[in-house]
Amino acid sequence: MRRWLLAAGAALALAFGSGTADAQTRTRVTIYTALENEQLAPFKQAIEAAVPGVEVVWVRDSTGVITARILAERENPRADMIMGLAASSLLLFEGMNLLEPYTPAGAEALKPAFRDTTPPVTWTGMDAFLGVICYNTVEGRRANTTAPTSWRDLTRPEFRGRLVMPHPASSGTGYLMVAMWLQMMGEEQGWRFMDALHENMAVYTHSGSAPCVQAARGERVAGISLDMRGARERTQGAPIEVIIPAEGTGWDMEAVSIVRGTRNLDAARRIADWAATRGANELYSRFYAVVAFPGVTNTPPNYPANAEERMFRNDFTWMAQNRERILAEWSRRYESKAAPRN
Amino acid sequence: MSATTVTAAPPRRLLTEERVATGLVGLLCLLLLLAIALPLWALLSKSFLDDQGRFVGLANYARYFATPVLVQSLLNSLFVATLATTIVIPLAFLYAYALTRSRMPAKGLFYALALLPIFAPSLLPALSLVYIFGNQGFLKDLLFGASIYGPIGIVMAQVFYCLPHATMILVAALGLADGRLYEAAKSLGTTRWRMFRTVTLPGAQYGLVSAAVVVFTLVITDFGIAKVIGGQFNVLATDAYKQVVGQQNFAMGAVVGMVLLVPAVLAFFVDRLLRRRQVALLSARAVPYAPQPERRRDLLLLGYCILVGGLVAAVLGVAVWASFIRYWPYNLSFTLANYAFAEFDPDGWQPYLNSLWVAGLTAAIGTPLVFVGAYLLEKTRAVPLGRALAQLLAMLPMAVPGMVLGLGYVFFFNAPWNPLGILYGTVAILALNCLAHFYTVAHITAVTALKQIDGEFEAVSASLQVPFWVTLRRVTVPICLPAILDIAVYLFVNALTTVSAVIFLYGPGTKLASIAIVHMDEAGAIAAAAAMATCIVATAIGVKLLHLLLDAVLFGRAQRWRAR
Amino acid sequence: MTTAFRFEPPAGEMPAAAGRTAAPAFLRVRSLTRRFGSFTALDRIDLEVARGEFVCFLGPSGCGKTTLLRTIAGLDRQDEGSIEIGGRDVSTAPPADRDFGIVFQSYALFPNLTVTDNVGYGLVNRRMPRAAIAARVAELLRLVGLPDQGRKFPVQLSGGQQQRVALARALATSPGLLLLDEPLSALDARVRLHLREEIRALQRRLGVTTIMVTHDQEEALAMADRIVVMNHGVIEQIGTPEEIYRRPASAFVADFVGTMTFFEATAAGPGQVRVGTRGLRVDAGATGFPADGTPLRLGLRPEEVRIRGVTTGDDNAFEALVEDLEFLGPFCRARLSARDAPGFELLADFSANLMRDLDIACGAVLRIALPPGSLRVFPRRDDRGGNGAPA
Ligand SMILES: Nc1ncnc2c1ncn2[C@@H]1O[C@H](COP(=O)(O)OP(=O)(O)O)[C@@H](O)[C@H]1O
Ligand SMILES: [Mg+2]
């Protein structure tokens, strides 16, 4: 009996201890992020190489989830930093005084659009991502459709039940598309367009890259998705075209911030410094076509050539300020119709 | 034995049996309160608070029932649960009938086949169905244009997932038949159909209702299947997830949790009521029914079992097979690339290792805890009130869906005032949660085993002045070793495959394999998700095989005192 | 803790054969009450047991025998009252501090331990040298007649052998008090008879104070120094087997121990009662006879019915018809009915000899007499006792 208790105690001690075994030697910095899964390993490696004595611990989820989680934890923040989260979300946090003001060393070298120009300076841009259409040509032929060239093409009846896009409440890509349509077409026209689009939509996914993966696998004919995912699936051999309609497309910027109240402020500052370096931006550019540091480009194969010129001029402040209202309206319109579709 | 040989009263000991028992019962109560009662209380109270933590009465509930999309989910949940139950029960009944009332060959094999889904996370059948009936599925045409994403997919996957649970209950119910009734009926020249209606069905009716209740609850509370294959068809469990994880709307999440609790609690009480009646139904004099060989019936039932058992194996097989395919449906070549999890999930293989660790810990700590706990409740007489409380708490998790318990944990362990918050996101809390979630069945197993051994062992030990913990170690544990192994394997396998409770609780670096499946599926990496599911199934089955081996040793020559 | 083992009781310590011993009681139970919810399982039990005595608790199932035994052992806690063992108040002591050995109907042998380990179970915990334990276990096994079964497991033994092992285990620690809860009732009749004698002999040899619970009156009569007859949680009578049989204190005891025919009667003057229309003489007794008209119950043991040499002038003599005969081996039990008072029925036992000599058969008419000294008079209580008297 006593031996059992001892054994149980030892096991318990191990359980608690395992997570903190090497924590004594290195500072654990918990970073909330919406970066794509495959990026996290190289980012962690690069940060830990550049900032000695730091151990990066990722908490990764889609943009909406991370945003909601930080809002929910605002009384008792568990993140030290935020990295690779949509600027529109960070603006929201700035307005709620959740971020620690900090200007990374060398941030002035970045493209102006990627800098927080209104004090307090709480975020620093990393890269931009935009929404594209992944169109499966094999399945398109089978369904007798042609590749869409404008957003309105997606409302054609041939696409009925064959489209997929990310859920704007959970996915950053989803929200930036909705925000873009509303800004581009005006609110009334924008909602009407989405009403028609909704008729064709098979499913709203949790993540921003899933729609392109689904289109690539032929599970859907077309998916509105993240630009880089489109290029990557195509490169891997999926029969898809990555399309940016002529009217332009929505985009958002991913940025880095320090959470107010972190116990690892010093380490967080050094990581933020790294995030604004050329080296860091070269890393970003392995995954993103558009990054903050001027002159760093690395357009991946199969990336739509016209991407940068087709980026819709975006009002981040508007996106941040209207986020809650738009999401509520979206949910009211499209979530209550829960009838299954194919 | 004269006056001179009678020894004086033993010296006062510090560690009297009563004190030790009292202390241990107190400890058990404390642990169960922490692991079960307080999280549920946190959930309940949260549902009456607003975002700011102010008491708002039933406002959250009012808002819930005023939100059509949420109410629709409730209806959806009831709909799929009813449909799945209606399909599973006859399927399982005939299967169990074949296993208990025929002389068909290879019954053991077919029983094992029906139990296979237990070793898989519920996500697995959903993944397989995407490959089979998805828009690129190889049997897509069988759906005649209907979509697998939605109620059809949910119900199909649930049938697979619930089949073993229903089959186990019905095999037990049909196995209890009283052969004398059949002999009496036969001697009266009763027709076969009439015998079935008047003897077989009434004999199994409690088993049937019990199985239906269990299946209904399983479907209502399952999260994984609806998550993977539900499409836009929302159900309660996915709502809870969306509210809490997706929108961090804890108050509404708590309300959904409470709504989720209702059918589960109802089912729990219906089941208990029935069980109590069933005991009275069985006479101790019953003669076990031994079916006579009958070629036509046996062949028909064999064919049925081959079909159903084969389908179960096939669904499992599809996921395994898909995990080795390079790029469905365009490139079907063999690859191991889907097992390079680092390509799909930042934690790579770590979630699998975490799962092993959590499952191992749950079994390693849970088994002695559950067993000693059951022993204290069953065999000691200290602190009757404490033991009654512990007994109540031990039975509670049965009525609490994993999703609900998980939510309770979020609210309780993540509360700013709670010093136990340091556990949040650790392997320890995941193991604690798994243990709490699966406590009841393990507890009942232990209690059943303890009830079967002589109730006077403790009295004898006391008369011999041997403290109860010595008897526990020297006698009770060795006797109950098979049950203890059962408990360990049960805890391990369930902790390995569960997703609903832990989805809210993992932290940085402690993601579990089942959660990785959800995430990879969310990101569209369905082949990698299938690969991870395959790893879980393989591990769970491996552990079960090891268990069977150990059991064979236990009942073999090594322990000849065990008269079976 | 030092333990000396001695099997032979010192001279002069043998118990008195019957009756209350003058020596101070070894076990003293005072006003013991045990309730289960609103149900009173033991109602103010008072009892004294002398050192070395063999006492049986006898009574129908559910009357509280086991509860009393377990309360004495401390396995169950009384609600009121006190218990003293060997001059020490153990009312609140845990079982381990009460110095008793116990044997259950189910044997409660540890199935995973060998016979040797079972018997030595209580010794191992006392830090005795291993050799001493082995010697003690061997001695005990010899004592219960199982000298070479030590290596076997309980499942390999017969029921009787298992019960002997249980007995050896209970005696291993030389307890001052041996408690036996229906130790024989799971055994078949032959083994039961045999073991009953062995237990009694062993108890005599060891002189260990013993309490045995049984619901078998024959067992109690054969084994006990004194019998405690219980019913509904109260003690009906305490006495030697002979006292209990010959002078039952109540109709219940009379009925439970042995067989008795009961008649509903009313008092009709000193030494006179009326059963239906018939008047019967009974022993008036030393104390005053109940007033006329008091409802009574008369009891008569079947073997007390006189048949040889009965004349018309004898007390309570009349003619009876043999209605029915039940063959019971050495004797027959007859159901008789009075010729002149229809409905007046009674049982009578006739030895085989008598049957032959008097040529008794069904339908025969006999002259019988009911000796006044054998007719027991009980007050009539409606709630218990009696197998229903013929009207
Ligand atoms: N633990 C208990 N709870 C409730 N009632 C009990 C309990 N133990 C015994 N009883 C009741 O007390 C009465 C006496 O029981 P017991 O002493 O076992 O009788 P017996 O004379 O057959 O040994 C019975 O009516 C029994 O039902
Ligand atoms: Mg009893």
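Where is A:N97 found in chain A? Select A:N97 and you land in the loop between α4 (87–95) and β4 of chain A, with helices (H or I, at least four residues) and strands (E, at least two) taken as DSSP runs numbered from the N terminus. This is a predicted model, where local features need pLDDT of at least 70, side-chain atom pairs count only at pLDDT 80 or more, and totals for chains, interfaces and linings use all residues. Residues are numbered from 1 along each chain as its sequence is written, chains are lettered from A and ligands numbered from 1 in the order in which they are written, and side-chain values use heavy atoms, with hydrogens and water left out.

Most residues other than glycine have a negative phi, and most peptide bonds are trans. A:N97 is partly exposed at 47% relative accessibility (buried is under 20% relative accessible area, exposed over 50%, partly exposed in between; 1.4 Å probe, protein chains only).

Now jump to B:Q465, in the loop between α18 (457–463) and α19 of chain B. Its phi is positive too, near 60°, but B:Q465 is buried, with a relative accessible area of 16%.

Next, pick A:P119 and A:P120, which are joined by a cis peptide bond with omega about -5°. A:P120 sits in the loop between β4 (99–100) and β5 (123–136) of chain A. Over in chain B, select B:W328 and B:P329 for another cis peptide bond, omega about -5°; look for B:P329 in the loop between β1 (325–327) and β2 (331–334).

**Where the chains meet**

Show both chains and select the contacts (heavy atoms within 4.5 Å): 54 residues of chain B touch 55 of chain A. The two chains bury about 4,500 Å² between them, 59% of it on carbon and sulfur atoms; that area is the accessible area (1.4 Å probe) lost on putting the two parts together, summed over both. Within chain B, highlight B:Q232, B:Y327 and B:Y330, which lose the most area to chain A, together 15% of what that side buries.

Finish on the helices: α3 (68–101), α10 (236–246), α13 (350–379) and α19 (468–497) of chain B each supply at least two residues of the side touching chain A. Colour α13(B) last, as the source of the largest share of that side, 5 residues.
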